[in-house]
Amino acid sequence: MLLLLRKDYRTARFLVKQSEARWLDLGHCGQRIVAMDRFVVSGGTRLQGDVAVASSKNAVLPILAACLLTDQECVVSGVPLLEDVATMLRLLESMGVEVTRRGGTVRVRASARLETEAPYDIVRKMRASYYVLGPLLGRMGAARVSLPGGCAIGTRPVDLTLRGIEALGTRVRLEHGYVDAAAPSLRGARVLLEGARGPSVGATINTMMAAALAQGETVIAGAACEPEVADVAGFLNRMGATVDGAGTAEVLIKGVGRLGGAEYHPIPDRIETGTLAVAAAITKGRVRLTNCRPDHLEGFVDRLRETGAEVETTRTTMTVSAKSRARPADISTAPYPGFPTDLQAQFMALVCTAEGASTVTENIFPSRFMHAMELDRMGAKVEVNGNVAVVRGVDRLSGAQVMASDLRASAALVLAALVAEGKTEILRIYHLDRGYERLEQKLNALGAKIERVPH
Ligand code: EPZ
């Protein structure tokens, strides 16, 4: 039987054709059926032109979860059409939340009696489902959230998140693969959320969300300083919370009795910005990125300039150009404002074609190197030893069949394919669709030749 499936990009829902006139709505979960799309990339064009950056995935996801903190309507605009966003909306709907989506505007109303469980079936697909934990505790005093399990980028514990909510008076039991959390009344406290690998974005945001409705003051010391943390705090404050210092290492939250609805437009995606910037540099093109925040990417821009790329910035634009082969540059990932781990794979793709050797040190997720072997299949020379990769630049990459393993690894393969000789076929690009809004369309508008081949 031939199954005709299409995606309505306005609503991010999947539709299957039943008859000439009738399309059956499969909701947000149709991606299971179209999951095996692949890209065929013909390398060799220089990218040129303007491209607008979408809102930040890693800000949007917790902001949508934070809507659980109120029974009033919240309106989030500029929401990118990503599979991870669809998953978060599906999770909220499964809890009894009313969700409507028109283009980039999502309305969320958590007025009904809420289910307090985030099941394994959803959490295993997207770790960020975890962001419902703090809001559910704040609003309902209880939450049952599946432990996420393994992850392609390495071990990702949740101990710091649990430390945060326990400090606020939550009783936590780990049973049958679930975190069972109960907090009849949350009380503010001082808590240090820095672990052996530094601060945690997820733990900081979850604790901040729970503390917004706790009695008294909470101080998060060793807080993550990423711009997404500050953006979530901006949304909470718009809802009536009192959060100070978000974006610094110490966040002070004065609990309030209730929160109300709010309208919000999240910050631009700094990782999409960096990915498109590498696309310009690796193809020796010239691209002006609009709707971005170069000040959120200082660690990255510094290293990009080191490769010889020219980077000009204004408050909301970044123009990246490169005229000759990249120079080698060493990077070492670090918490914000250092070089982001989420741009490590893409930067590695760039230095694969540099004139000399570069060292890539991954300090946040030490085994996040799944892309290295795939890049080697395209002729790169990457040698991984522990959390350090030595990349010996080659003068050309060659198209091959490669496999995307996670979101940023997929982006790295697309970037390498843009300059590889011949055709590159990238399998499993559903990883890419989780976090980039139609990346191939953006790159094609700049002159790339990427074809999405449905399964
Ligand atoms: C967020 O993940 C991002 N995800 C990740 O982006 C990003 O790579 C990461 O922050 C680091 O910047 C979202 O925002 C949805 P962490 P998160 O807790 O919050 C250790 C992407 O590609 N740690 O800040 O899960 C942890 O192992 C994704 O968009 C603990 O030890 O990351 C890591 O070494 C992938 N215990 C470090 O802290 C904990 O309880 C930072 O992780 C939690 C984390």
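This is a predicted model: local features need pLDDT of at least 70, side-chain atom pairs count only at pLDDT 80 or more; totals for chains, interfaces and linings use all residues.
The shell around the ligand takes at least three residues from domain 1 (31-54 + 268-453) and at least three from domain 2 (57-264), where the domain bounds come from an automatic or database domain assignment. Residues are numbered from 1 along each chain as its sequence is written, and side-chain values use heavy atoms, with hydrogens and water left out.

Let me stay with the ligand for a moment. There are 24 residues around the ligand, and those that come nearest are Leu-160, Ser-200, Asp-342, Ile-364 and Arg-408; a residue counts as near if one of its heavy atoms lies within 4 Å of the molecule. By kind, the shell splits into 11 nonpolar, 6 polar and 7 charged residues, with Ala, Val, Leu, Ile, Met, Phe, Trp, Tyr, Cys and Pro taken as nonpolar, Asp, Glu, Lys and Arg as charged, and the others, Gly among them, as polar.

Which helices supply at least two residues each to this shell? They are helix H2 (57-66), helix H6 (159-167), helix H7 (201-211) and helix H13 (407-419), and H6 gives the most, with 3 residues. Helices here are DSSP runs (H or I, at least four residues), as are strands (E, at least two), and both are numbered from the N terminus.

An N or O atom in the side chain of Asp-159 is 2.8 Å from a nitrogen atom of the ligand. A polar backbone atom of Gly-202 is 2.8 Å from an oxygen atom of the ligand, and a backbone N or O atom of Pro-157 lies 3.3 Å from a ligand oxygen atom. On its own the ligand has 830 Å² of accessible area, of which the protein covers 87%; these areas come from the Shrake-Rupley method with a 1.4 Å probe, and for residues only the protein chains shown count as cover.

I turn now to the backbone. The peptide bond from Tyr-336 to Pro-337 is cis, with omega near 10°, and Pro-337 sits in the loop between strand E23 (331-332) and helix H11 (344-351). His-176, although not a glycine, has a positive phi of about 55°, and its place is the loop between strand E11 (171-175) and strand E12 (178-182). Is His-176 buried or exposed? His-176 counts as exposed because its relative accessibility is 72%, given that buried means under 20% relative accessible area, exposed over 50%, and partly exposed in between (1.4 Å probe, protein chains only). Arg-428 is not a glycine either, and has a positive phi of about 60°; with a relative accessible area of 37%, Arg-428 is partly exposed.

Helix H12 (residues 370-377) has His-371, Ala-372, Glu-374 and Leu-375 as its buried residues, and these pack against H11, strand E25 (381-385), strand E27 (401-403) and H13, where contact means heavy atoms within 4.5 Å. Just after H12, Gly-379 takes a positive phi of about 100°.

Finally, let me take two single residues. Arg-38 lies in strand E4 (residues 38-42) and, at 26% relative accessibility, counts as partly exposed. The side chain of Arg-38 makes a polar contact of 2.6 Å with the side chain of Glu-425, and, not counting residues up to four places away in sequence, Arg-38 also touches others, including Ile-426 and Val-453.

Ser-55 is found in the loop between strand E5 (48-52) and H2, and counts as buried at 6% relative accessibility. Which backbone oxygen lies 2.8 Å from a polar atom of the side chain of Ser-55? That oxygen belongs to Gly-78, and Gly-78 is one of the residues that Ser-55 touches, with Val-60, Pro-80 and His-265 also among them, not counting residues up to four places away in sequence.

How values were computed: A polar contact is a pair of N or O atoms within 3.5 Å; within protein, one must be able to donate a hydrogen and the other to accept it, and residues adjacent in sequence count only if both atoms are side-chain atoms.
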